[in-house]
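The notes go with the sequence and structure shown here.

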Amino acid sequence: MGTSSIYWFSSPIGSFTTADLGGKGYSLALLALRGLRVPKGFVLPAPLMREIYVGGVGTSPANPDLPTADPASITSIMEAFDRLETKRVAVRSSAYGEDGARSSYAGVFCSVLNVDRANLMAGIR
């Protein structure tokens, strides 16, 4: 499993780090590995996010509101959404070191709630 793969909370952490999964994602991964109940879900690691947005933030000719994205990565994300077997999700952003002993970034990162499949990529944006 490479760090450009989608990470499921039910999977071993492998080579993923806090820098890859963000503070929330890494913490949920650790809790799941210790047998605690966490929501069914996945993380788009930082390397995958860089792959998705090839060439930085551009715009899609089909939809100017969306960045240019790698089609194979979008397919993987949509398949992961389908594996959740739900109609709506919360899309949460996370970053390395977002909450620590010296700082807290509460409220800085975005959460988008009630995101359906049709709006998933826009929610991730």
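1. Phe16 is buried at 3% relative accessibility, where buried means under 20% relative accessible area, exposed over 50% and partly exposed in between (1.4 Å probe, protein chains only). Tyr7 is buried as well, at 0%. The two rings form an edge-to-face pair, with 5.3 Å between centres and 70 degrees between planes. Rings of Phe, Tyr and Trp (its six-membered ring) pair if their centres lie within 6.5 Å; planes under 30 degrees apart are stacked, over 60 edge-to-face and the rest tilted. Tyr7, Phe9 and Phe16 make up one aromatic cluster.

2. This is a predicted model: local features need pLDDT of at least 70, side-chain atom pairs count only at pLDDT 80 or more, and totals for chains, interfaces and linings use all residues. Residues are numbered from 1 along each chain as its sequence is written, and side-chain values use heavy atoms, with hydrogens and water left out.

3. Trp8 and Phe42 have ring centres 5.0 Å apart and planes at 55 degrees, so this pair is tilted. Because Trp8 belongs to strand S1 (residues 7-8) and Phe42 to strand S2 (residues 42-43), the pair ties together parts 34 residues apart in sequence. Helices (H or I, at least four residues) and strands (E, at least two) are DSSP runs, numbered from the N terminus. Trp8 is buried, at 10% relative accessibility.

4. The charged end of Arg83 sits over the Trp8 ring, 4.1 Å from its centre. The criterion is NZ of Lys or CZ of Arg within 6 Å of the ring centre and within 35 degrees of the ring normal.

5. The largest nonpolar core has 17 residues; Ile6, Phe42, Leu44, Ile77, Val89, Leu120 and Ile124 touch the most other members. Helix H2 (46-52), H3, S3 and helix H4 (120-124) each supply at least two residues, and H3 gives the most, with four. Another core, of seven residues, lies apart from it and includes Tyr7, Phe9, Ile13 and Val43. A nonpolar core is a set of buried Ala, Val, Leu, Ile, Met, Phe, Trp, Tyr and Cys residues joined through side-chain atoms within 4.5 Å.

6. Which residues does Val89 touch, not counting those up to four places away in sequence? They are Phe81, Leu84, Val112, Leu113, Asn114, Val115 and Leu120, contact meaning heavy atoms within 4.5 Å.

7. Asn114 is not a glycine, yet has a positive phi of about 55 degrees. Asn114 lies in strand S4 (residues 111-116) and is exposed, at 55% relative accessibility.
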